[in-house]
Structure formats: structure tokens, C-alpha cells
Amino acid sequence: MSRPKITLKLATSLDGKIALSNGDSQWVTSEASRAHGRYLRAENDAIAVGANTAELDNPRLTSRVPGQKNPTRIVYDTTLRLSMSSNIVTSANETPSWVFTRGAECEKSEALRAVGVKVHAVTDQDGLSLTESLDIMGQGGIRSLLVEGGGMLIASFVRAGLFDTIHWYRAPVLLGGDGRDCVGTLSLTNMGQAVRLHRMKVSTVGQDLHEIYVKKD
Ligand SMILES: NC(=O)c1ccc[n+]([C@@H]2O[C@H](COP(=O)([O-])OP(=O)(O)OC[C@H]3O[C@@H](n4cnc5c(N)ncnc54)[C@H](OP(=O)(O)O)[C@@H]3O)[C@@H](O)[C@H]2O)c1
């Protein structure tokens, strides 16, 4: 079963931050970039976020593009801390919601399933296994995945080399070194390990830059 095509979406300040240190992130980029990003959502079968983003932002993760379907929402959530009152959970009967977790047989998983959320168990190996989750997505008919953050989840995909394209929206604003990074720890020890990219396109969306990169083999 082939894995979905993976796009990483970064919406950052000029200095590569996605939020303040306290998690406040609304909004880093302009309304024009966010609208552009919603079209990107509509082009993908699924959107993934980490548990911190689900908790701090309570996102809807819908495309809201007229005439387009909403993708499946996916949360990587080791301990099932996703709130039952979150937007992703309460709208699971209208728009599919999946959770990857390490143990799918517990009271919370039953409660999530009862309101229509699909709960999938994958191995926890210092973070939930991306390869297992991608296999499950492939089996479920998901052919394209947009990973929207935050920085820790993006870093896991980058560390594993599991991405095809990066869409980077960059706003002319500075959030400082104490802000949250758009790509978390990669634990590189020499420049030969640096993740090198080809820049395929640069355009402007209002005052923001929109850059498209592919992985350099
Ligand atoms: N500017 C933007 O467009 C944008 C977009 C998204 C997010 N944000 C901001 O980013 C911040 C959150 O980012 P973050 O980097 O702190 O966290 P994150 O990437 O959203 O979530 C990380 C958490 O996901 C869970 N996880 C499970 N498996 C994982 C794996 N294989 N790899 C990585 N994480 C895994 C872990 O929590 P458990 O151990 O509990 O499972 C981990 O702590 C928020 O402030 C949010 O507002 C901004």
C-alpha cells in the first residue's frame, strides 16, 4: 500500500516562528494567506496536526471552499488528551476525524468512537510511528496528506524524510527567539545531514511570501 503524498504547510513569521512562547498564534500570517491555505486543504484528502496544536488552537481544520469537500482531520495524540468539546471532536459526524494514539482500548477511546471519531493505535517510538499511521491512511483511501504543524510534528516528518513538498507562507513580522519554531528539533550533528531543498516557486499573497519547496535527493 503506497503512502499518501505528503505536503508540509508552514505559516510563519519572517524569523520562522509559528507562535509566541505562550502558544498564542492568532494570527501570524495575513487573512489572504490563510484563505490561500484553505484551498491547499481542499486539494488534500487529509490534514494532520500534533496534540499541542489541537489543544492550544482548537482548530476546525476545514477548507470552507465553496463546492469543495472537507478533508479528514487527523490528530497525533499519544495519550488521547484531545478534548471531547474540541471542534474536531464535536463535528466528527459532519467531517471525518481520526486520532492516532498508542492505546486505542480505553474509556476515552470509547467516548471518542461514540461521537464518530476513528481511533487508531500505532506504536509509540519516541513519538507515534509515522510509517504505521501512513500505512493506515493508505488503507483508508487517503492519497494526499497536508501536515499543518506544529513544529514538533513537522520536525518528525522532516527527520523521517517523509515529505514531498513544503508550502511556506511567510509574513513580514518578527516574533523573536522565544517564539515557537516552525520546525522543531532535528538533532543534526554535521552540515552533511542538513535537509536541503529545491525552491520551486516564490510568489506573493498580499504582503506575505508563498514559497514552494521540494526535497533535494
Ligand atoms: N502558524 C501556524 O500556522 C501554526 C500552525 C500549527 C500550529 N501552530 C502553533 O504551534 C504550537 C504547537 O506546536 P508544537 O510544536 O508545540 O506542537 P505540535 O507539533 O502541535 O504537537 C506536538 C505533540 O504531538 C504529539 N505527537 C504524537 N506523535 C508525535 C510525533 N510522531 N511527532 C511529533 N509530535 C507527536 C506529542 O504530544 P503527546 O505526547 O501528548 O501525544 C507532541 O508533544 C501552537 O502554539 C500552535 O498555535 C501554529
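Y39 counts as exposed because 12 C-beta neighbours lie inside 10 Å; a residue is called exposed if 12 or fewer other C-beta atoms lie within 10 Å of its own, buried if there are 20 or more, and partly exposed in between, with C-beta atoms placed from the backbone. Y39 belongs to helix 1, residues 31–42. Y39 and R64 are 25 residues apart in sequence, and their C-alpha atoms are 8.4 Å apart in space. The structure is a predicted model, in which local features need pLDDT of at least 70 and side-chain atom pairs count only at pLDDT 80 or more, while totals for chains, interfaces and linings use all residues. Residues are numbered from 1 along each chain as its sequence is written.

The protein contains six helices and eleven strands. Helices (H or I, at least four residues) and strands (E, at least two) are DSSP runs, numbered from the N terminus. The radius of gyration is 17 Å, close to the 17 Å that the globule rule gives for 217 residues, so the protein is as compact as a globular protein of that length. This radius is taken over C-alpha atoms, and the globule rule is 2.2 Å times the number of residues to the power 0.38. The C-alpha trace spans about 45 × 40 × 35 Å along its principal axes. Of the 217 residues, 38% count as buried. Among contacts with a separation of 6 or more, 71% involve residues 24 or more positions apart; two residues are in contact if their C-beta atoms, placed from the backbone, lie within 7 Å.

Strand 1 (residues 5–13) has eight of its nine residues buried, so this strand is largely enclosed by the rest of the structure. Strand 1 pairs with strand 7 (residues 144–147) in the parallel sense over four bridges, where two strands are said to pair if DSSP finds at least two bridges between them. In strand 7, V147 stands opposite L8. Strand 1 also runs parallel to strand 8 (residues 165–171), to which seven bridges join it. In strand 8, H167 stands opposite K9.

The largest nonpolar core has 48 residues, of which A48, V75 and V99 touch the most other members. Such a core is a set of buried Ala, Val, Leu, Ile, Met, Phe, Trp, Tyr and Cys residues joined through C-beta atoms within 7 Å. In soluble globular proteins, nonpolar side chains tend to be buried together. Not counting residues up to four places away in sequence, V75 touches V49, A51, A54, L82, I88 and V99. W98 lies in strand 5, residues 97–101, and is buried, with 23 other C-beta atoms within 10 Å. Leaving aside neighbours within four places in sequence, the contacts of W98 are T72, I74, K118 and H120.

The ligand is surrounded by 30 residues, the closest being G50, T78, G127, G149 and G150; a residue is near the ligand if its C-beta atom, placed from the backbone, lies within 6 Å of it. Strand 2 (17–19), strand 3 (46–50), helix 2 (51–57) and helix 6 each supply at least two residues of this shell. Helix 2 gives the most, with five residues. By type, the shell holds twelve nonpolar, 13 polar and five charged residues. Here Ala, Val, Leu, Ile, Met, Phe, Trp, Tyr, Cys and Pro count as nonpolar, Asp, Glu, Lys and Arg as charged, and the others, Gly among them, as polar.

G149 and G150 are joined by a cis peptide bond, with omega about 0 degrees. G150 lies in the loop between strand 7 and helix 6. In helix 6 (residues 151–159), the buried residues are G151, L153, I154, A155 and S156. This helix is followed by G161, whose phi is positive, near 70 degrees. A cis peptide bond also joins Q26 and W27, with omega about 0 degrees, and W27 is placed in the loop between strand 2 and helix 1.

Positive phi values also occur in residues other than glycine. Phi of L61 is near 55 degrees, and L61 is found in the loop between helix 2 and strand 4 (72–76). L61 is buried, with 26 other C-beta atoms within 10 Å. Phi of S187 is likewise near 55 degrees. S187 lies in the loop between strand 9 (180–181) and strand 10 (197–205) and is exposed, with 8 other C-beta atoms within 10 Å.
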